[in-house]
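I opened a new notebook page for this one. The entries below follow the order in which I looked things up.

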Amino acid sequence: MDKVSQDCPYPGCFFCVMKEGNPSKRRASILKFFRDLPSQDDDGQVLPISGLWNTAMAHPNDPEFIKLGIFECMSALIWKGLKNRRWLSHDQNIYIPYYAAHIIGSYTMNMEEFAESAMHAGVIPPLVELLRGRLTWVEQRVAVRALGHLATYTNTFPAVASHGEILEVAIQLAMSSLEIVYSHFYQYVDRRLSYHCDLLTRGMGGVEMESRKAEEWASQLQCWSLQLINCFAFKPEFLPTICKPEFLIKLPGMWGGLVNENSPAGIGLLRTICHHKIGRGSVASCPGIIEALINIACSSDDWQYMAIDCLLWLLQDPSTCHKVIDKAVPALVDLAEITTLGDHKKLGDTIINVLQECLQSQGTGRSSLSSRTKELIEDLLSSRQRFKWEKNIPKEDLHIKQAAALVVKLEGNSLFSSGNISGAASKYSEALSLCPTRSKKERVVLYSNRAQCYLLLQQPLAAISDATRALCLHNPLNRHAKSLWRRAQAYDMLGLAKESLLDAILFINECSQSNDPDLSLRQNKVPDYAERLVKKQMRAAWLFREAATKLGGVHREGEAGDMYGQDTDDSEWETASESDIGNDGRDEMGDDDDDDSEWKNEGERKAKYEKPSMKDIKHGFNVQLTEDEP
């Protein structure tokens with residue numbers, strides 16, 4: 001380079017190099033900079049590295065630096081930090097291995113040819129050392145991110161897999177990452193490393209922001225570890241290592257928390273495992289995992305379809321069908337009304353076809369159905385035949401059936417208002433038997449009404465079943481506000497915090513968009529009963545809750561340790577089902593005049609939980625049954 005800025009005291013300064021107007025000289029200077037940087041001990045090296053970090057994030061598909069040796073430079077800098085602790089502790093060099101690994105991950109995120117260049121540049125061995133924890137969890141996070149990208153591609157996966165310890169380390173990291181971040185950063189506020197705090201907040205926040213970002217980064221550390229494992233799970237030879245019961249049973253609970261939006265986390269890995277016969281055998285034999293899959297399948301989780309896929313594949317495999325069928329069928333029957341879920345078209349038809357195959361194969365050794373399971377499948381198939389039959393009957397006859405169902409529903413409403421909850425549930429069941437199967441909006445109402453009856457009767461499993469059916473029938477899917485709220489309450493009764501939380505949040509979201517005066521948020525205020533439930537479940541489903549329970553609460557100098565999720569005033573966090581909320585006079589049955597209703601113009605699982613009283617639940621709901629309900 002012929003010219004250096006008169007204001008810059010550093011010859012060969014990277015920022016001055018980038019200002020060079022002559023393209024040929026600029027490339028030559030950048031090449032020299034990347035070649036010389038690892039051997040230099042000058043102060044201020046972190047500045048150009050942080051500039052490269054910004055560039056890599058903003059332009060990850062730009063090939064210029066790839067061709068000029070950035071991967072070789074970053075690899076050498078990581079090795080320098082690992083081998084020369086004196087250099088690492090000097091000036092601000094402690095930041096450099098983090099930035100170097102992050103840069104590698106950004107440039108290998110999208111482009112396979114970049115990943116191949118990185119592999120040939122020797123980035124994998126130093127990344128593996130960071131993954132093993134040679135520095136801290138912060139560097140582990142960016143190392144597992146970069147290795148996950150490199151393992152994604154066909155041509156670079158063998159180089160990653162050749163380091164035999166990577167898979168075992170990733171599995172251990174997925175299981176222990178939350179505890180690591182909690183104990184090494186979150187728990188002891190006054191012991192937090194300053195460079196960790198700076199990286200987390202970019203110097204823009206205090207203790208609270210540090211804690212929030214630490215939770216986000218802990219989630220990413222776990223989810224990126226699962227992504228790396230997922231690359232191995234596509235290869236059957238690695239499944240024996242992955243499919244250990246102590247790891248499999250934890251996967252459904254690895255969901256990333258509310259800070260995770262884009263990663264399918266544990267359920268995504270389970271879905272990949274269930275692609276393979278050996279994986280299905282391990283999953284089907286793992287105690288508790290089928291129940292966890294059912295809870296995800298019958299929830300408003302973004303990755304609901306993945307759990308459904310797992311259950312269907314397990315049923316289609318003759319070697320696993322008999323192990324899961326009695327548990328899976330009740331949930332899948334509830335989900336059979338789904339039309340489209342994500343990229344899955346006619347998912348309900350697929351569910352019905354698989355269940356029909358299970359029924360037809362009974363006695364062939366593939367499955368042994370209990371009488372209850374057989375009855376559920378036969379009822380589902382009869383309902384499908386009924387739907388086809390109704391297409392051919394005159395409209396007048398359908399209107400008669402609708403009117404009859406309406407009369408019975410109103411009788412159920414009256415019984416509910418008088419306190420005869422069991423009688424009301426029976427009437428709603430009768431109305432469902434009369435209501436045409438094509439009248440989906442009315443069936444949503446009836447299932448949702450009966451779900452509330454089951455809640456009052458302390459039958460949360462039945463309530464979940466009916467609320468799920470209502471949500472599957474509703475258009476759009478999983479967006480019927482009152483059914484979301486009922487299912488959130490039922491999951492709360494069973495102690496399923498995550499499922500309850502997701503439904504409660506969606507309920508609030510639907511209320512904010514609703515034109516229904518009973519649901520719409522007045523002055524954008526979240527209903528008190530919903531806010532209470534969300535707060536309770538956020539604490540119960542807190543990402544660090546298990547670690548905090550095991551290791552103790554958060555400590556600050558001069559303060560006693562308190563675990564997040566505890567409060568001296570427990571009443572502040574009680575749920576709507578535990579509190580005595582005013583009911584706005586809506587305990588009685590009344591019509592809502594729902595514009596969507598076609599009738600508006602037609603005149604063996606047990607769980608321990610603390611049972612609220614019927615009065616408390618009725619007050620706590622604070623909304624009418626559905627379109628015309630208590």
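**Entry 1: a cut-off first.** I call a residue buried under 20% relative accessible area, exposed over 50%, and partly exposed in between. Glu 531 has a relative accessible area of 31%, so I log Glu 531 as partly exposed. The model is predicted.

**Entry 2: the pair in α30.** I looked up the partner of Glu 531. The side chain of Glu 531 meets that of Lys 535 in a salt bridge, at 3.1 Å from N to O. Both sit in helix α30, residues 528–540. They are 4 residues apart, which means about one helical turn between them. An α-helix has 3.6 residues a turn, so residues three or four places apart point the same way. Lys 535 is partly exposed too, at 29%.

**Entry 3: overall counts.** I then stepped back to the whole protein. I find 32 helices and 4 strands. Of the 630 residues, 55% are buried. The accessible surface is about 27,900 Å², and carbon and sulfur atoms hold 48% of that. My search of the whole structure returns 25 salt bridges.

Entry 4: Arg 469 and Asp 334 join through their side chains in a salt bridge, 2.7 Å from N to O. Arg 469 belongs to helix α27 and Asp 334 to helix α21. The two are 135 residues apart, so I note this as a link between distant parts of the chain. Is Asp 334 buried or exposed? Asp 334 is buried, because its relative accessible area is 7%. Arg 469 comes out partly exposed at 21%.

Entry 5: Next I checked the pair Arg 487 and Asp 503. The closest N and O atoms of this salt bridge are 2.7 Å apart. Arg 487 is in helix α28 and Asp 503 in helix α29, residues 497–513, so the pair ties together parts 16 residues apart in sequence. Arg 487 is buried at 1% relative accessibility. Asp 503 is buried at 0%.

I stayed on α28. How many residues of α28 are buried? The count is 13 of 13, so the helix is largely enclosed by the rest of the structure. I also tested the length of α28. Its 13 residues should span 18 Å at 1.5 Å a residue. The end C-alpha atoms are 19 Å apart, which agrees. Just after α28, Gly 495 takes a positive phi of about 75°.

Entry 6: Most residues other than glycine have a negative phi, and most peptide bonds are trans. I listed some departures.

- The peptide bond from Asn 475 to Pro 476 is cis, with omega near 5°. Pro 476 lies in the loop between α27 (460–473) and α28 (481–493).
- Asp 91 is not a glycine, yet its phi is positive at about 50°. Asp 91 falls in the loop between α6 (85–89) and α7 (96–107). At 40%, Asp 91 is partly exposed.
- Lys 346 is not a glycine either, and its phi is also positive at about 50°. The loop here runs between α21 (318–334) and α22 (347–360). Lys 346 is exposed, at 58% relative accessibility.

**Entry 7: two buried loop residues.** I looked up Arg 192, in the loop between α12 (165–186) and α13 (194–201). Arg 192 is buried, because its relative accessibility is 9%. Leaving out residues up to four places away in sequence, Arg 192 touches several residues, among them Cys 197, Val 207 and Glu 210.

Ser 439 is in the loop between α25 (421–434) and α26 (440–456). At 1% relative accessibility, Ser 439 is buried. Its side chain makes a polar contact with the side chain of Gln 402, at 3.0 Å.

**Entry 8: surface items.** Leu 258, Ile 505 and Met 538 make a nonpolar surface patch with about 220 Å² of accessible area together. Leu 258 sits in the loop between α16 (245–248) and α17 (265–273). Leu 258 is partly exposed at 39%.

Note on methods: Residues numbered from 1 in each chain as written. Predicted model: local features only at pLDDT ≥ 70, side-chain atom pairs only at ≥ 80, totals over all residues. Heavy atoms only, no water. Patch = residues over 30% accessible without salt bridge, like charges linked within 9 Å, V, L, I, M, F, W, Y side chains within 5 Å. Areas by Shrake-Rupley, 256 points an atom, 1.4 Å probe, with all protein chains shown as cover. Salt bridge = Lys/Arg side-chain N within 4 Å of Asp/Glu carboxyl O. Buried < 20%, exposed > 50% of the residue type's maximum accessible area, 1.4 Å probe, protein only. Polar contact = N/O pair within 3.5 Å; in protein donor to acceptor, adjacent residues only side chain to side chain. Expected span 1.5 Å × (residues − 1). Contact = heavy atoms within 4.5 Å.
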